[in-house]
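Dear colleague,

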Amino acid sequence: MMKQITVADAEYAGKRKQTCKELFLIEMDQVVPWKGLIVLIEPHCPKGEGNRAAYKNKDGIRDPEMHQAKKGNQYYFGAKAHIGLDDESGQVHSVVVAAANAADVTQLDKLLRGEENVVCADAGYTGVEKRAEHAGREVIWQVAVRRSTYKKHGKRSALYKAIRKIEKAKSQVRAKVKHPLSGDKAPVWL
C-alpha cells in the first residue's frame, strides 16, 4: 500500500538548500540593472547561430588574441586575467590579460613589481622558480602543489597528511587576499 504524503511534506520536498552560486545570482539580479545594460550591450554583441556568440569582428574574422583552451572536459574560448594583489592592503597592483591557452606561469613576471619578498600562487604557476626570467630574484615562492603529486601517497600516510597541512596553510594565505575579489579567479596574490 502506498503512503500518502501531506501537503506540508510535499512543500518541503520541493525546497532544497540554495547553492552559493544561486544565492550570488539572486543577489546580482537585485543589484545590477540588467535591462539597462542589455540595451547598451546588445548592439555590439556578436550574433551567432543559436545561443553561441560568433566572437568575430566586422570582417568576419576571429580576434587573433583570443584562443580556445580545455580545462577538464570543458572548453573555454577567450582570454583570462591574471591579477596581482598586495597581501597587506588587498589592493590590486597589476593586471595582465592573456589568451586562454597561455600557461599561467608565463605571465607571472608581468605581475611582479620587484619589491616582493614572498610570492603566493596557485598550482598553475608550478616551476616558476626555475624560469630564466626569475633567476637571481630573492623571493620565497609559495606555489601550491598539484594534488596529483601527493595524492599518490594515499590519504592515510604521514607524508600525505603533512603535505596536506602545508598546502592548507598556503591556501589560507591566498584566500585572505582573494576574498576582496568576491570569488573571481585571481591566480597570483602578492
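**What was found**

Of the 190 residues in the protein chain, 24% count as buried, where buried means under 20% relative accessible area, exposed over 50% and partly exposed in between, with a 1.4 Å probe and protein chains only. Please keep in mind that this is a predicted model, in which local features need pLDDT of at least 70 and side-chain atom pairs count only at pLDDT 80 or more, while totals for chains, interfaces and linings use all residues. Residues are numbered from 1 along each chain as its sequence is written, and side-chain values use heavy atoms, with hydrogens and water left out.

The protein chain holds six helices and six strands, which are DSSP runs numbered from the N terminus (helices H or I, at least four residues; strands E, at least two). Strands S1, S2 and S3 form, in that order, an open sheet with antiparallel pairing, where two strands pair if DSSP finds at least two bridges between them. Because S1 (67-71) and S3 (92-99) stand at the edges with a single partner strand each, one side of each is left without a neighbour in the sheet. Seven bridges join S2 (residues 74-85) to S3, and Ala79 has Ala99 in S3 as its bridge partner.

The largest nonpolar core has 12 residues, among them Val105, Leu108 and Trp141; such a core is a set of buried Ala, Val, Leu, Ile, Met, Phe, Trp, Tyr and Cys residues joined through side-chain atoms within 4.5 Å. Helix H4 (108-111), strand S4 (118-121) and strand S5 (140-143) each supply at least two residues of this core.

Best wishes
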